[in-house]
Every structure is written in C-alpha cells, then in structure tokens.
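Dear colleague,

I am passing on the structure below, and would be glad if you could read it alongside the notes that follow.

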Amino acid sequence: MIYNYHTHTHRCGHASGAEEEYIEAAIKNGIKYMGFSDHMPLKFADGSESGYRVPTAEGKIYCEQIKALSKKYKGKIDIKVGFEMEYYPELFDEMLKKAIEYGAEYLILGQHFIMPENLAAKDTFRATNSVDELKKYTKAVLSAIEKNIFTYVAHPDVFNYVGDVGIYQKEMRKICVASRENNVPLELNFLGIRQHRVYPNDAFWQIAGEEKSPVTFGFDAHEVSSAFDGESLLKAKQIVEKYNLNYIGIPKLRLIK
Ligand SMILES: [Zn+2]
Ligand SMILES: [Zn+2]
C-alpha cells in the first residue's frame with residue numbers, strides 16, 4: 001500500500017497530531033501518494049458552524065499549509081490537499097465554490113448526515129429502520145457520484161440500516177452500480193476496521209463484489225499512528241478476497257482546479 005488519500009488534521013476538532021508528523025509517519029511506512037481530506041468547513045444559514053469540521057476561518061490556511069509541506073517533501077512523497085465533504089443538494093454549489101476558493105485540489109464524499117447537520121436529527125452511523133432515511137442517504141450518494149467531482153466515496157456503507165435486508169440490498173445496489181458506471185470508486189474504510197464500527201458492512205461489500213464496483217482503500221487517519229495502518233490492511237485484503245472485489249489500488253484523483 002503506497003497511497004492514502006484519507007487523512008484528517010487537528011483542525012476538525014476530533015483528530016490529533018501535527019500535519020508534519022502524519023507525513024513523516026507515512027513516508028516511514030512507504031507511502032508515496034498522500035492526501036489530506038479533512039472535514040469541509042460549513043457555515044449554516046443561521047450563521048453557526050459545525051463543531052466537527054475545519055472552521056471556515058481556517059479553510060484557506062489549512063490548504064496553504066499542506067501545499068507548503070507538499071513543496072517541502074517533494075521528491076519524497078506526493079502530497080495533495082482536499083476535503084471530505086457531504087453532498088447536500090441545496091448547498092453543493094456553494095460548498096464546491098468555497099472548497100476551490102480555499103485551495104482544495106480534490107474532494108472525497110463522506111455522507112455522515114443526510115441533511116445539513118444542524119437540521120439532521122441523527123448521523124448516518126446510528127441504527128435506524130427508517131426506509132425513508134435509507135432512501136435519502138442513497139439519493140444523496142447517487143447524486144454526488146453523478147456530479148463527477150468526487151474522487152471517491154468514503155465509507156459508502158456508513159448508513160446503519162437495521163431494517164429489512166431486501167430493501168437494504170436494493171438501495172445499496174444502486175450505489176454500487178452508479179460507482180461502476182461513473183467509475184467513482186468505493187472506499188473500504190480502515191477507521192471502521194480499526195474501531196470495529198458498523199462498517200465495513202459485509203452485506204454491502206457482497207453487492208459491491210457482485211457489481212464489480214471499483215474499490216479503493218483509505219486509512220481515514222485521525223491520529224498519527226494511523227497514517228499507516230498495516231493491521232487493518234490485512235483485514236481489508238481479506239474482505240477483497242472474500243467478496244471478490246474489484247480492487248483498483250490507488251484512485252485516480254479528480255482534480256477540482
Ligand atoms: Zn473525522
Ligand atoms: Zn468520514
């Protein structure tokens with residue numbers, strides 16, 4: 001594994017460690033292509049800000065700092081800067097514009113909520129049997145894939161649906177088909193493996209294997225020790241094998257500027 005485009009920083013408020021420490025740890029473990037994709041800043045209509053993203057006031061400095069480090073480490077490691085961003089239809093154009101203004105080079109989709117989180121009753125991690133919410137999640141991910149902006153879909157299996165299996169399969173198959181048809185890879189998320197989260201979800205990856213969706217890996221590092229995660233790598237490889245996944249390796253970056 002010589003790449004990882006899913007790295008956070010202290011700026012989002014729930015990750016730790018200095019940027020340069022992540023880079024040093026990545027280099028030490030043989031990473032050649034690295035991307036920072038911290039949580040996209042977002043100011044809500046009421047003027048308040050989410051507590052789990054890079055503050056809007058730091059969006060630009062975040063990008064500038066990573067770009068300076070990218071220059072500093074040139075020749076040792078290729079570093080890009082971007083954001084992990086939700087797809088909120090009514091906010092998408094504005095968020096994309098802001099991301100480019102801040103200086104981001106790429107985006108990955110991370111649909112942690114199905115609507116702006118100041119309005120959302122719950123995040124997508126929490127168990128639900130609501131078909132309506134499952135369908136809203138699917139719709140958001142499909143719309144995002146079809147935009148041809150996102151480099152890949154982070155933890156596409158984050159939605160914690162505990163209702164009817166047939167309904168779940170039908171909805172997730174739509175995401176897997178769209179991923180294949182639009183060539184937007186699905187990320188096997190190592191944070192989920194490390195922390196024994198509800199994802200990776202076997203039911204999801206079974207379908208991804210059947211549909212031959214392109215699959216890539218992401219460490220989703222929130223601390224320096226996860227800038228390389230060899231233990232989860234072994235488990236991820238087992239999942240690839242078990243479901244005969246179409247593992248593509250390093251994703252092709254969709255540069256947004
Ligand atoms: Zn995070
Ligand atoms: Zn995420």
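Are E84 and H112 buried or exposed? In this model, which is predicted, E84 is buried, and H112 is buried too.

Both residues belong to a metal site, where the zinc ion (ligand 2) is coordinated at 2.2 Å by E84 through OE, by H112 through NE2 and by H155 through NE2. The pair links distant parts of the chain, since E84 lies in strand β3 (residues 78-85) and H112 in the loop between β4 (106-109) and α4, 28 residues apart. Along the sequence, the donor residues of this zinc ion follow the spacing E-x27-H-x42-H, and the distance from the zinc ion (ligand 2) to the zinc ion (ligand 1) is 5.5 Å.

Turning to the helices, α4 (residues 131-146) and α5 (residues 165-182) have axes that come within 10 Å and cross at roughly 0 degrees; because angles under 35 degrees count as roughly parallel, the two helices are described as roughly parallel to each other. Their contact includes V131, L134 and Y137 of α4 and I167, Y168 and M172 of α5, and by class it comprises 11 nonpolar, 3 polar and 4 charged residues.

Helix α5 also packs against α7 (residues 202-211), at an angle of about 45 degrees and with the axes 9 Å apart, so that α5 and α7 are oblique to each other, and their crossing is right-handed. Among the residues that meet here are Y168, M172 and I175 in α5 and F204 and I207 in α7, and the contact divides into 9 nonpolar, 1 polar and 4 charged residues.

Notes. Residues numbered from 1 in each chain as written. Chains lettered and ligands numbered in written order. Predicted model: local features only at pLDDT ≥ 70, side-chain atom pairs only at ≥ 80, totals over all residues. Heavy atoms only, no water. Axes fitted to C-alpha atoms, helices over the stretch in contact; angles between N-to-C directions. Helix = DSSP H or I, 4+ residues; strand = E, 2+ residues; numbered from the N terminus. Parallel < 35°, antiparallel > 145°, perpendicular 65-115°, else oblique. Contact = heavy atoms within 4.5 Å. Nonpolar A, V, L, I, M, F, W, Y, C, P; charged D, E, K, R; others polar. Donors = N, O, S within 2.8 Å, 3.2 Å for Na, K, Ca; no water. Buried < 20%, exposed > 50% of the residue type's maximum accessible area, 1.4 Å probe, protein only. Left-handed = near helix turned anticlockwise from the far one by under 90°.
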